[in-house]
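Please open the model in a viewer, with residue selection and distance display at hand.

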Amino acid sequence: MLSKFAKIALSLAALLWAAPSQSCTVALVSARASATGRPLLWKNRDSGTQDTKVARVDSRDGSHAYVAVFNASDRDCREAWTGFNDVGFAIMNSASYNLKDDNVPASEMDREGLVMALALSSCVTVDDFERLLSELPRPLGVEANFGVIDASGQGAFFETDNDSWTRYNLSEAADGILIRTNYSHSGRPGEGYGFTREANAEKLLRPYARTGSVSPELLTSSLSCSWLNTTLDRDFSDCRGFVPDRDFIPRYTTSSTVVVEGCGPTADTDPVVLKGLARDYIMWTALGYPPVAEIFPVWIDSVPEPLLGTAANGAAPASNEAKARRDKAFHRPGGEKEMYVDLGVLYNDRATGLAQTIGKLNRSTYERFSKRRSLKSTGSSLNTRKQTQKP
């Protein structure tokens with residue numbers, strides 16, 4: 001597979017059109033820090049593009065099939081923003097703003113989605129992704145923190161600019177988690193964005209990581225719906241009225257929250273085993289503003305209809321519905337509505353607020369699909385079951 005990287009890279013080099021800059025809060029969670037012993041990859045995506053969809057890209061000429069989040073306008077599904085493939089490799093990114101130190105023009109930048117689509121179609125392991133970065137033509141056209149996991153349980157962030165990268169392994173991370181926002185830890189100190197959001201995520205996530213109890217629901221329904229601001233040392237969740245939409249993990253520009261839940265780590269590299277394990281992956285996906293976005297489970301061979309790009313504008317119906325709910329909470333008279341969120345619309349004492357109503361639905365979805373997924377509590381291992389079924 002790696003021998004094809006250079007050939008595929010040539011087609012990537014010819015694509016010069018750019019996607020909107022991304023601003024996200026993201027994390028990798030090791031198997032030891034998760035509630036079920038399955039590694040997790042989380043992306044709370046902020047984007048100038050609010051219309052999104054999920055699609056499956058089939059295998060072509062020996063490439064891997066994969067499912068991923070795409071912009072609605074991306075009819076050919078060329079730029080993936082979070083996803084996983086049929087051998088258990090998963091990837092996401094956050095934009096960085098303290099790495100680039102060159103004169104590469106804007107017309108040759110913002111290729112992160114193209115790189116991630118290429119990685120999903122060609123990579124099996126974390127090391128494969130590093131080899132892909134080394135073989136792509138320069139300039140890479142990226143300034144980003146790429147987060148990846150694989151079926152062996154390995155994970156890493158690659159803080160990447162046009163010429164090089166710095167790798168941070170999940171196996172070496174304190175408490176088994178790595179968190180990034182919109183700056184790189186290897187970049188220029190004091191530059192970039194998202195320092196408060198990273199601190200928010202650290203404060204919310206680390207206690208669960210220390211007890212090995214991080215779950216997809218915690219990430220999508222707690223962190224992605226949190227009103228904590230660590231700079232102000234204040235949780236605004238008890239407010240009922242307008243508050244500035246500033247430095248919360250969910251923001252007006254948040255277009256999705258996604259968690260790829262992997263498998264019990266395996267040392268087996270047999271493609272048959274890996275494909276079997278990948279069928280057990282779930283990409284928990286909520287398109288739109290997370291506090292009012294409905295969660296759906298996505299499998300490698302099954303994308304729920306509400307997530308498909310079937311609406312008139314090419315977006316998923318779930319994306320459009322969440323956007324309409326969001327706009328009810330950002331309705332400040334006199335303009336600048338995107339700068340103020342009305343928490344009283346999302347939450348009330350009768351538990352009938354928009355976020356409370358969707359929250360009940362999402363809890364039911366998690367309960368319905370998660371009961372059969374525990375590895376830690378039962379002591380069983382999907383990994384072992386798959387291997388014993390090999391001929």
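Helices (H or I, at least four residues) and strands (E, at least two) are DSSP runs numbered from the N terminus. The model is a predicted one, in which local features need pLDDT of at least 70 and side-chain atom pairs count only at pLDDT 80 or more, while totals for chains, interfaces and linings use all residues. Residues are numbered from 1 along each chain as its sequence is written, and side-chain values use heavy atoms, with hydrogens and water left out.

Next, select H4 itself, residues 195–210. The expected span of a helix is 1.5 Å times one less than its number of residues; for the 16 residues of H4 this gives 22 Å, and the end C-alpha atoms are 22 Å apart, which agrees. At leucine 204, shortly before proline 207, H4 has a kink of about 30 degrees; the bend at a residue is the angle between axes fitted to the seven residues ending there and the seven starting there. Colour H4 by accessibility, where buried means under 20% relative accessible area, exposed over 50%, and partly exposed in between (1.4 Å probe, protein chains only). The buried residues of H4 include Arg197, Glu198, Leu205 and Arg206.

Now display the charged side chains. A salt bridge is a side-chain nitrogen of Lys or Arg within 4 Å of a carboxyl oxygen of Asp or Glu, and the whole structure holds 18 of them. In one of these, aspartate 175 pairs with arginine 210, with the closest N and O atoms 3.2 Å apart. Aspartate 175 lies in the loop between strand E9 (165–169) and strand E10 (177–180), and arginine 210 in helix H4, so the pair ties together parts that are 35 residues apart in sequence. Aspartate 175 is partly exposed at 23% relative accessibility, whereas arginine 210 is exposed at 59%.

Move to aspartate 238 and arginine 234, whose side chains meet in a salt bridge (3.6 Å, N to O). Aspartate 238 is exposed, at 56%, and arginine 234 is partly exposed, at 34%. Then select Asp175, Glu202, Arg206 and Arg210 together: salt bridges with shared partners join these residues into one network.

Which helices each supply at least two residues of the lining of the second largest pocket? They are helix H5 (216–222) and helix H9 (354–370). On a 1 Å grid over the protein atoms alone, a pocket is an open set of points where a 1.4 Å probe fits, with protein on both sides within 12 Å along at least five of seven lines; lining residues have an atom within 4 Å of a point. This pocket has about 390 Å³ of space. Of its 24 lining residues, the closest to the centre are Ser221, Ser222, Cys225, Tyr347 and Ala355. H9 gives the largest share of the lining, seven residues.

Finally, inspect the backbone. Most residues other than glycine have a negative phi, and most peptide bonds are trans. Arginine 138 and proline 139 are joined by a cis peptide bond, with omega about -5 degrees; proline 139 sits in the loop between helix H3 (126–135) and strand E7 (144–149). Aspartate 61, although not a glycine, has a positive phi of about 55 degrees. This aspartate 61 lies in the loop between strand E3 (52–57) and strand E4 (66–71) and is exposed, at 74% relative accessibility.

Notes:
Points joined across faces, edges and corners; volume = space filled by probe spheres on them.
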